[in-house]
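Subject: Structure handover

Hello,

Please find the structure below. My notes on it follow, written for someone who has not looked at it before.

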Amino acid sequence: MAEIDALPFAFVFRPETTALIVIDMQRDFAEPGGFGASLGNDVSRVTAIVPTVKRLIEGFRVAGLPVIHTMECHRPDLSDLPPAKRDRGDPSIRIGDVGPMGRVLIAGEPGTAILDELAPRRGEIVIEKPGKGAFYATSLSDNLKRIGARQLVFAGVTTEVCVQTTMREANDRGYECLVAEDATESYFPEFKAAALAMIRAQGAIVGWTATTDQVLEGIANA
Ligand code: C5J
């Protein structure tokens, strides 16, 4: 056990019951021509955190702690894609359309893959999720129960959409959640700042935040 010097107060880190969840570090959110870019976003903000996310993943791997990866994606027949999600807004290409990296956000397509630098290792849990939250319509709950996780550290994108949604789902299920501030990113810096502030407000109402260095220090001290 160790204390991570987190906000809004120390996070008691218990390595035997902690897992890292890396949310949606996929080409579709990080590369030109993907889903994120189709919405008019500057994807370079996502690629900038890749080395930090990698450092966090490696810290968990070296300590022998579980690393879970999620991917936002849909079945090729679109049966898990509600029209309300597909038809929303005015993107240059919609989910399921053919783009420069294959069909956008469809399982098995090149653009849906996790970035090479952060690719899951053999044996690591990979969750394909049709929603923004990783608990909805997935086996994440069962997997977390199976590995005995009670505390979750989060990284990935985007802070205010899939990361925060998943943290809120986890918090409601009784997990203690911490997001690594510099291993998550948004296309909108002000949304990231607001999401982190909301998470730790009111006495950690959703969870804690800390830097990657602080998390890795916690792992080293545990
Ligand atoms: C979004 C995500 N932003 N992974 N997905 O649509 O946050």
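**A buried loop threonine**

Threonine 112 lies in the loop between strand 6 (102-103) and strand 7 (125-129). Helices (H or I, at least four residues) and strands (E, at least two) are DSSP runs, numbered from the N terminus. This is a predicted model, in which local features need pLDDT of at least 70 and side-chain atom pairs count only at pLDDT 80 or more, while totals for chains, interfaces and linings use all residues. Residues are numbered from 1 along each chain as its sequence is written, and side-chain values use heavy atoms, with hydrogens and water left out.

Threonine 112 counts as buried because its relative accessibility is 0%. Buried means under 20% relative accessible area, exposed over 50%, and partly exposed in between (1.4 Å probe, protein chains only). Leaving aside neighbours within four places in sequence, threonine 112 is in contact with residues including Gln26, Met71, Glu72 and Arg103; contact means heavy atoms within 4.5 Å.

Glutamine 26 sits in another loop, between strand 3 (18-23) and helix 1 (27-30). Glutamine 26 is also buried, at 0% relative accessibility. Proline 15 is eleven residues from glutamine 26 in sequence, and their C-alpha atoms are 27 Å apart.

**Ligand surroundings**

Which residues are around the ligand? They are Asp24, Phe29, Phe35, Glu72, Lys132, Val157, Thr158, Val161 and Cys162, where a residue is near a molecule if one of its heavy atoms lies within 4 Å of it. A polar side-chain atom of aspartate 24 is 2.7 Å from a nitrogen atom of the ligand, and one of glutamate 72 is 2.9 Å from a nitrogen atom of the ligand. Threonine 158 has a backbone N or O atom 2.9 Å from an oxygen atom of the ligand.

**Cores and helix 4**

The largest nonpolar core has 44 residues, and Leu20, Met25, Val53, Leu56, Phe60, Leu178 and Val215 have the most contacts inside it. Helix 4 (residues 50-62) gives the most to this core, with five residues. Apart from it lies another core of 23 residues, among them Ala19, Ile68, Ile125 and Val206. A nonpolar core is a set of buried Ala, Val, Leu, Ile, Met, Phe, Trp, Tyr and Cys residues joined through side-chain atoms within 4.5 Å.

The buried residues of helix 4 include Val50, Val53, Phe60 and Arg61. They pack against strand 3, helix 3 (44-47), strand 4 (67-72), strand 8 (151-157), strand 9 and helix 9 (212-221). Just after helix 4, glycine 64 takes a positive phi of about 75°.

**Helix 8**

Helix 8 (residues 189-204) has 16 residues and spans 21 Å from first C-alpha to last, close to the 22 Å expected (1.5 Å times one less than its number of residues). Its buried residues are Lys192, Ala195, Leu196, Ile199 and Ala204. Among the elements covering them are helix 7 (159-172), strand 9 (176-185) and strand 10 (208-210).

Lysine 192 has a relative accessible area of 14%, so it is buried. A polar atom of its side chain lies 2.7 Å from the backbone oxygen of glutamate 181. Not counting residues up to four places away in sequence, lysine 192 touches Thr159, Glu181, Asp182, Thr184, Glu185 and Ser186.

Regards

Terms used:
Polar contact = N/O pair within 3.5 Å; in protein donor to acceptor, adjacent residues only side chain to side chain.
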